[in-house]
Amino acid sequence: MTVAESTHEHDAHGHHSPEAHVAHHFESPQQQFDSGKLGIWMFLITEVLFFSGMFCAYAIYRSLHPEIFIDAAKELNAMLGALNTVVLIVSSLTMAWAVRAAQLSQKKLLIVLLWITLALAGVFLGVKTVEYTTKFQHELYPGIYNHFAQEQYPTVADKYVSKENQASGGAEHATEAPAHGEEHSEEHGSTPATGEHEEHAHAEAGGHAHAEAGGHGHGGAQGVRNIHIFFGIYYMMTGIHAIHIIGGMGAIGWLIYRANKGEFSSEYFGPVDYVGLYWHLVDLIWIYLFPLLYLIH
Amino acid sequence: MSDHAQPNDDSHDHGIHAHVMSMSTLFGTFAALLVLTGLTVAIYEIDFGAIDIWVAMGIATVKATLVAVYFMHLRYEKPFITLSFLFSLAFVALFISVSLMDAREYEPQVEALHNAQMQEAAE
Amino acid sequence: MSVGSTPDKFQAANLDGAQTREDNYLLASSGVGSWLFTLDHKRIGVMYLVGILVSFFLGGIFALILRAELFTGTKLFLTEDQYNQMFTLHGAVMTFLFIIPSIPAALGNFVLPVMLGQKDVAFPRMNLGSFYLWVVGAIFFLCAIIFGGLDTGWTFYTPYSVTTSTRVILALLGVFVLGFSSIFTGLNFIVTINTMRPHGMTWFKMPLFLWSIYATSIIQLLATPVLGITGLLLIAERALHIGIFDPEMGGDPVLFQHFFWFYSHPAVYIMILPAMGIISELIAVFSRKHIFGYRFIAYSSIAIALLGFLVWGHHMFVSGQSQLAAVVFSGLTFSVSIPSAIKVFNWLATMYKGSISLATPMCYALAFIFLFTIGGLTGLFLGALATDIQLHDTYFVVAHFHYVMMGGTLVAFVGGLYYWWPKMFGVMYNENAGRLFCLIVFLGFNLTFFPQFIMGARGMPRRYARYVEEFQIYHQLSTLGAFLLGIGMVGAIGVLLYSLYRGKKAPANPWGANTLEWMCSSPPPLANFDNPPPVGDPYDYSNLRYDEREGGYVTVPGPAKKTSSH
């Protein structure tokens with residue numbers, strides 16, 4: 001069944017004739033659609049290769065040091081991960097359905113489905129925020145801000161992290177330290193020049209307050225080296241995935257705006273299709289992240 | 001090929017040839033994905049030992065294939081697109097496998113160095 | 001050459017004909033805005049060209065400062081730290097801002113759609129976006145230079161890149177953004193070639209330049225994203241010390257090298273493949289002879305693109321990489337020489353019994369073959385495990401990759417620029433001046449880099465600001481050569497710029513080429529073609545005849561006598 005066969009009536013919003021959407025350098029709507037389709041697939045290929053770097057780091061450390069992953073994964077909440085998996089699968093369904101709605105010129109349905117997809121993306125990020133917050137309360141920040149890292153590498157911690165920001169087992173510190181950390185991992189390090197070196201000033205080594213930090217109960221990680229590497233990989237993978245979700249939300253919002261104007265119909269639905277493909281890829285990557293990060297024992 | 005695209009011959013002027021997913025396929029895929037997610041979580045408690053990760057990866061791959069083939073219409077696309085996608089996965093495999101092979105090879109040296117440093121620190 | 005004022009210079013020269021504004025993309029609209037927001041691939045190509053030439057100038061200045069400092073073994077005017085920053089910036093600017101975008105983004109953007117007989121690339125907006133990403137990346141680099149410099153070498157190896165006090169993160173952001181610029185260009189070209197070839201142009205009727213651009217684009221799509229993620233991980237390593245690459249935190253610096261070279265070795269082919277495509281065009285046109293072994297040249301482009309992914313470990317022979325990997329990578333490295341040699345032999349066979357005219361582009365093409373062959377053959381010494389241990393990180397390596405990158409890509413870029421210059425701006429340059437500076441470039445280049453082979457083989461390490469007296473004579477020859485080369489390059493570009501003011505009006509087809517870009521007027525009209533041009537064999541020159549009145553070649557129906565002089 002193809003669009004051309006399945007729809008016979010034109011969309012009511014006739015002022016957008018299909019020709020109006022064909023750029024001057026294309027011969028036909030079909031050529032334009034095929035180009036867009038190939039283009040988005042090529043882009044998805046670059047995304048696959050982009051994420052492959054993190055999967056590579058994961059594979060190497062998991063293969064060489066499985067104990068890091070087994071221990072660290074206890075800190076993660078598998079149920080939240082599963083919940084997010086389901087949320088993304090449902091949003092994938094609504095997105096695929098939205099593409100169908102666009103192809104069949106079902107304008108109202110299209111808008112509703114796009115809104116649902118957008119909302120589910122919001123839910124995903126909400127759950128993610130809950131997860132990150134819990135980690136932060138346990139001082140499980142990325143890198144040297146992580147209390148495991150500070151226990152294992154006190155001299156490095158003294159070099160890069162100011163005394164008052166070092167983990168000391170008290171939850172009240174949890175709200176301070178992440179400020180630098182999260183900014184960098186979430187925003188691609190948009191303010192790189194600042195914050196890099198100012199910590200050096202506090203490098204004088206005093207009492208090792210962090211030495212007792214391992215004693216506060218969670219994650220019996222005593223004796224396992226380099227636990228923080230897991231959190232480095234975890235934050236990079238989920239953080240960059242979350243950035244992709246945010247980007248996808250922007251794209252879906254743009255689709256909703258255009259759908260409201262009645263631009264999509266059986267004769268012109270390319271953008272819905274392309275954004276849909278992107279959204280499915282983001283889902284597809286999460287399908288791998290979920291067992292790799294949450295289901296380890 | 002003139003300045004503006006003109007209505008083509010009659011068979012084409014009703015827009016674009018692209019596959020429309022039927023509702024049953026959409027929901028069938030969706031249901032299968034949910035079941036497989038449940039399965040992954042359910043067998044999480046079972047200890048398969050060393051093949052644990054391969055079981056999990058196998059299920060994930062089935063899910064990913066479902067998403068790609070149905071939600072992403074790969075089944076109905078030109079073979080070129082499917083081939084390109086598989087081709088890119090081959091490069092991912094190349095990247096990971098060669099780096100991993102090398103890292104495993106030199107890991108004993110890294111461990112030896114670490115142990116020597118530990119010993120030095122202890123003395 | 002300022003973007004905004006370029007159209008005005010042509011007003012006087014070109015409006016005297018029967019041209020209307022639509023007949024010349026340079027005049028189709030005016031004002032700075034009409035350039036900055038243009039979606040026309042030709043204008044975007046010209047803007048890229050300006051940006052790339054500026055970066056090239058900057059990188060060249062860095063190079064001359066380095067060579068001047070190395071005139072003696074003791075300090076002249078740079079401290080060691082300044083020297084480290086200078087060679088890093090030379091490498092980073094030349095690699096990321098100049099060579100990688102040079103041929104595809106500047107010449108490719110201009111030529112590719114016209115070669116396909118189309119009005120534009122598939123995604124014009126993405127094309128403009130790619131240019132602005134390049135600009136943003138360049139700004140990041142400038143900021144890194146201004147706010148503290150960069151001294152890691154262009155390779156950003158850990159752990160030094162984590163501990164140095166220079167602006168690694170700014171530079172990495174620049175690399176990240178430039179990577180996306182490169183990806184968008186490649187993506188655009190792949191889609192354009194796939195979906196917009198005109199009727200009759202099958203894959204094996206494409207000009208070989210398009211084959212090489214296609215192969216390049218494949219690498220750009222598959223390799224560049226890995227550079228992106230490597231940059232992000234390194235940023236995280238530096239900002240947060242996540243412990244993946246930093247040995248101080250239990251990470252693995254060799255892993256960083258794997259990540260980096262998985263992109264950066266294929267990137268070498270991003271640089272050289274388009275150059276090979278240009279040479280394939282030039283050799284055939286200026287030998288007035290059908291290209292020899294068309295299919296082999298086409299396939300060898302793809303083969304180089306794919307084999308290029310299998311050899312990255314040969315940069316890591318002394319890094320701590322395992323012996324197993326080193327042996328495998330060394331063996332695979334030699335396989336790349338096969339498709340490269342296929343190309344060289346086919347070019348030579350094309351020239352055999354051809355009627356060769358030594359126009360400036362052809363002079364550059366001949367220089368390319370000579371220099372690239374030296375560069376390629378010395379690569380075999382470096383690919384062999386045992387000799388690499390001796391030669392690694394010496395000037396031998398520096399000389400090798402300059403013979404390939406500069407003697408290869410840069411020379412082909414300038415050759416291509418001379419070749420398409422009449423098409424781009426509608427003016428002819430002074431042929432004798434062009435040839436003269438080509439000779440100076442060639443001599444200066446060899447004087448610069450040949451001594452580096454010798455001193456490298458005798459043990460002069462690269463990246464050193466000071467050296468012992470035994471190497472002084474080579475360094476001094478090299479420095480003299482570098483300034484000669486600098487004069488040659490400035491002259492070569494100067495000849496072209498001068499032609500903008502004083503050049504004769506260019507005919508549609510000054511060289512007698514048979515690819516489609518020569519079938520529209522010079523410069524092309526805004527829409528390139530009103531009617532799709534007829535597609536034929538791109539290397540069949542039998543129907544082209546030199547026309548005195550036109551000053552260029554015209555197509556005559558049926559087989560005609562071949563003429564070579566003009």
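Trainee: How much area do chain C and chain A bury between them, and what share of it is on carbon and sulfur atoms?

Mentor: Chain C and chain A bury about 3,900 Å² between them, with 73% of that on carbon and sulfur atoms, where buried area is the accessible area (1.4 Å probe) that two parts lose on being put together, summed over both. In chain C, the residues that lose the most area to chain A are Leu240(C), Glu248(C) and Met249(C), which together make up 16% of what that side buries. This is a predicted model, in which local features need pLDDT of at least 70 and side-chain atom pairs count only at pLDDT 80 or more, while totals for chains, interfaces and linings use all residues. Residues are numbered from 1 along each chain as its sequence is written, chains are lettered from A and ligands numbered from 1 in the order in which they are written, and side-chain values use heavy atoms, with hydrogens and water left out.

Trainee: Which residues form a salt bridge between those two chains?

Mentor: Lys159(A) pairs with Glu248(C), and their closest N and O atoms are 2.6 Å apart; the count between chain C and chain A is one salt bridge, the term meaning a side-chain nitrogen of Lys or Arg within 4 Å of a carboxyl oxygen of Asp or Glu.

Trainee: And which helix gives the largest share of the side of chain C that touches chain A?

Mentor: That is helix 8 of chain C, with 12 residues, and the elements that give two or more residues also include helix 6, helix 7 (168-195) and helix 9. Helices here are DSSP runs (H or I, at least four residues), numbered from the N terminus.

Trainee: Switching to chain B, how many of its residues are in contact with chain A?

Mentor: There are 60 residues of chain B in contact with 68 residues of chain A, contact being heavy atoms within 4.5 Å. The area buried between chain B and chain A is about 5,800 Å², to which carbon and sulfur atoms give 74%, and on the side of chain B the residues Ile16(B), Val20(B) and Met72(B) lose the most, together 13% of what that side buries.

Trainee: How many salt bridges are there between chain B and chain A?

Mentor: The count is three, and one of them joins the side chains of Arg225(A) and Glu111(B) at 3.0 Å, N to O. Helix 3 (79-122) of chain B is among the elements that give two or more residues to this side, and helix 3 gives the most, with 17 residues.

Trainee: Inside chain C, why is the pair of Trp154(C) and Phe260(C) edge-to-face?

Mentor: Their ring centres are 5.4 Å apart and their planes stand at 65 degrees, so the pair is edge-to-face, given that rings of Phe, Tyr and Trp (its six-membered ring) pair if their centres lie within 6.5 Å, with planes under 30 degrees apart counted as stacked, over 60 as edge-to-face and the rest as tilted. The pair links distant parts of the chain, 106 residues apart.

Trainee: Are Trp154(C) and Phe260(C) buried or exposed?

Mentor: Both Trp154(C) and Phe260(C) are buried, which means under 20% relative accessible area, with exposed over 50% and partly exposed in between (1.4 Å probe, protein chains only).

Trainee: Last one, what does the side chain of Gln452(C) make a polar contact with?

Mentor: The partner is the side chain of Ser478(C), at 3.0 Å; a polar contact is a pair of N or O atoms within 3.5 Å, where within protein one must be able to donate a hydrogen and the other to accept it, and residues adjacent in sequence count only if both atoms are side-chain atoms. Gln452(C) lies in helix 15 (residues 431-457) of chain C and counts as buried at 2% relative accessibility.
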